[in-house]
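Please read them with the sequence and the model side by side.

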Amino acid sequence: MFLGDGMGVSTVTAARILKGQLHHSPGEETRLEMDKFPYVALSKTYNTNAQVPDSAGTATAYLCGVKANEGTVGVSAATQRTECNTTQGNEVTSILRWAKDAGKSVGIVTTTRVNHATPSAAYAHSADRDWYSDNEMPPEALSQGCKDIAYQLMHNVRDIEVIMGGGRKYMFPKNRTDVEYEMDEKARGTRLDGLNLIDIWKSFKPKHKHSHYIWNRTELLALDPYTVDYLLGLFEPGDMQYELNRNNVTDPSLSEMAEVAIKILSKNPKGFFLLVEGGRIDHGHHEGKAKQALHEAVEMDRAIGQAGTMTSVEDTLTVVTADHSHVFTFGGYTPRGNSIFVPPCAGLAPMVSDTDKKPFTAILYGNGPGYKVVGGERENVSMVDYAHNNYQAQSAVPLRHETHGGEDVAVFAKGPMAHLLHGVHEQNYIPHVMAYAACIGANRDHCASASLSGSPSPGPLLFLLALLPLAILF
Ligand SMILES: [Zn+2]
């Protein structure tokens with residue numbers, strides 16, 4: 001499963017054009033890897049208590065199969081955000097757990113912290129997505145016995161084969177110096193309970209298995225995935241760097257992480273479940289930095305292509321979707337091949353506003369930090385470097401953080417049972433399809449009858465063939 005955090009349809013289209021233009025094409029005709037998938041559906045993303053959702057409630061939907069309240073992970077809608085005492089008894093399990101229970105290998109790869117909202121719904125049950133470590137939890141939640149998400153990552157499902165992303169600081173005791181940023185106080189360990197979760201992770205692995213904790217790209221690329229049983233890679237104290245800012249010595253790309261993950265997981269003859277999150281598409285948009293967001297989306301598409309070369313549609317269902325959209329748009333009657341980012345004239349709509357007589361960029365946000373008024377008027381974008389990696393596109397309403405969007409997102413699917421993702425679905429339908437295809441989870445009775453006859457589904461087919469002469473007779 002590939003999850004583009006905040007990858008609404010407008011983001012997919014703009015990323016497609018950017019991908020083409022990075023290869024010196026006009027862009028519009030380019031095909032993303034996800035564009036090549038034969039089945040597409042729409043996913044209704046709302047949370048039980050929110051029309052415009054967040055990444056926690058949505059992660060619970062597309063990983064655990066139930067819609068939930070915003071801000072909560074791995075719990076049903078009976079749990080209220082921040083209310084620790086509403087957690088117990090309302091935990092829901094994820095497709096990662098269902099796959100593990102069926103003997104498959106499982107993995108999580110993300111560009112955010114590994115204990116961030118999206119991945120955490122795969123293994124944790126928390127009334128608040130922000131409880132990254134005990135340092136971020138209110139005293140009453142701690143006294144009521146709730147555990148932070150990093151702790152749950154190491155304890156709830158103890159044999160996750162692959163965990164990669166950021167979030168190192170949440171694993172170490174308070175004020176422990178970071179291995180990479182020795183001078184940075186914000187990179188130091190956060191844990192009030194004094195635990196070293198890396199040591200705990202190691203202690204839970206069988207002695208005869210090969211377990212590796214790594215923290216940089218060089219170590220990752222030096223591994224022989226075919227001899228690795230368990231891999232924990234934490235490449236940043238917090239979220240990983242944006243792809244455009246990535247340090248090629250210390251930070252692997254999303255596609256590099258996905259490649260190693262699939263090599264490790266696919267050794268299991270029973271198969272695997274892997275969640276790959278392009279987690280910072282969302283962060284780029286929140287900051288109004290469309291260029292960062294779109295390069296994150298292009299990198300996730302590269303990872304999808306990488307996975308496609310390592311798996312077969314004969315035995316692997318691949319689902320690509322987003323948790324929610326953003327108030328990101330592009331328009332303005334731009335001509336064919338209009339470069340999204342390269343100045344001097346591209347990136348702009350071909351005309352000036354007929355109202356304030358100023359040029360405007362094709363990319364805009366409905367709200368966010370790019371709102372700029374200079375001398376009582378909208379800023380003249382031709383006076384600023386709007387192709388800069390960190391340029392904040394203009395928005396209609398000033399907000400420090402641009403918001404999510406409420407419209408449906410796309411679901412792309414290929415492989416066994418991919419046709420079940422076709423039409424308009426509730427977001428929490430998605431993991432049930434994946435579980436149905438994989439013969440795991442609660443509703444797998446259809447597989448038992450098929451396996452009796454030795455192949456995926458000849459039972460009903462043979463039955464129909466047997467009826468055929470009768471149908472002709474009557
Ligand atoms: Zn977000």
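1. Basis of the note. This is a predicted model, in which local features need pLDDT of at least 70 and side-chain atom pairs count only at pLDDT 80 or more, while totals for chains, interfaces and linings use all residues. Residues are numbered from 1 along each chain as its sequence is written, and side-chain values use heavy atoms, with hydrogens and water left out.

2. The annotated serine. In an unreviewed entry, UniProt lists Ser55 as "active site"; UniProt positions are given in the numbering used here, feature names are shortened, and annotations may be inferred rather than shown by experiment. Serine 55 belongs to helix α2, residues 55-64, where helices (H or I, at least four residues) and strands (E, at least two) are DSSP runs numbered from the N terminus. With 2% relative accessibility, serine 55 counts as buried, a term that means under 20% relative accessible area, as against exposed for over 50% and partly exposed in between (1.4 Å probe, protein chains only).

3. Surroundings of serine 55. Leaving aside residues up to four places away in sequence, serine 55 touches Asp5, Ala117, Thr118, Arg129, Asp323, His324 and His404, contact meaning heavy atoms within 4.5 Å. The side chains of serine 55 and aspartate 5 also make a polar contact at 3.2 Å. A polar contact here is a pair of N or O atoms within 3.5 Å; within protein, one must be able to donate a hydrogen and the other to accept it, and residues adjacent in sequence count only if both atoms are side-chain atoms.

4. The annotated binding residues. The "binding site" annotation in UniProt (unreviewed entry) covers Asp5, Asp282, His286, Asp323, His324 and His404. Although they span 400 residues in sequence, no two of their C-alpha atoms are more than 14.5 Å apart, so they gather at one spot.

5. Aspartate 282 sits in helix α10, residues 281-286, and is buried at 4% relative accessibility; beyond residues up to four places away in sequence, aspartate 282 touches Asp5, Gly6, His324, His326 and His404. Aspartate 323 is placed in the loop between β8 (318-322) and β9 (325-326) and is buried, with a relative accessible area of 0%. Among the residues that aspartate 323 touches, with those up to four places away in sequence not counted, are Asp5, Ser55 and Thr118, and a polar atom of the aspartate 323 side chain lies 2.8 Å from the backbone nitrogen of glycine 6.

6. Salt bridges. Taking a salt bridge as a side-chain nitrogen of Lys or Arg within 4 Å of a carboxyl oxygen of Asp or Glu, the count comes to 25. One of them joins glutamate 426 to lysine 44, with the closest N and O atoms 3.1 Å apart. Glutamate 426 lies in strand β19 (residues 423-426) and lysine 44 in strand β2 (residues 39-44), so the pair ties together parts that are 382 residues apart in sequence. Glutamate 426 is partly exposed at 25%, and lysine 44 is partly exposed at 30%.

7. A salt-bridge network. Arg217, Glu243, Arg246 and Glu256 are linked in a network of salt bridges. Within it, the closest N and O atoms are 2.9 Å apart for arginine 246 and glutamate 243, and 4.0 Å apart for glutamate 256 and arginine 246. Arginine 246 is partly exposed, with a relative accessible area of 21%, whereas glutamate 256 is buried at 18%.

8. Disulfides. What handedness does the disulfide of cysteine 84 and cysteine 146 have? A disulfide is counted for a pair of cysteine sulfur atoms within 2.5 Å, and the count comes to two. Cysteine 84 is joined to cysteine 146 with an S to S distance of 2.1 Å, and the torsion about their S-S bond is about 100°, so this disulfide is right-handed. Cysteine 439 and cysteine 447 form a disulfide with their sulfur atoms 1.9 Å apart; here the torsion is about -90°, so the disulfide is left-handed.

9. Cysteine 84 is buried at 5% and cysteine 146 is buried at 13%, while cysteine 439 is partly exposed at 33% and cysteine 447 is buried at 11%. The sulfur of cysteine 64 is 16 Å from the closest cysteine sulfur, in cysteine 146, which is too far for a bond.
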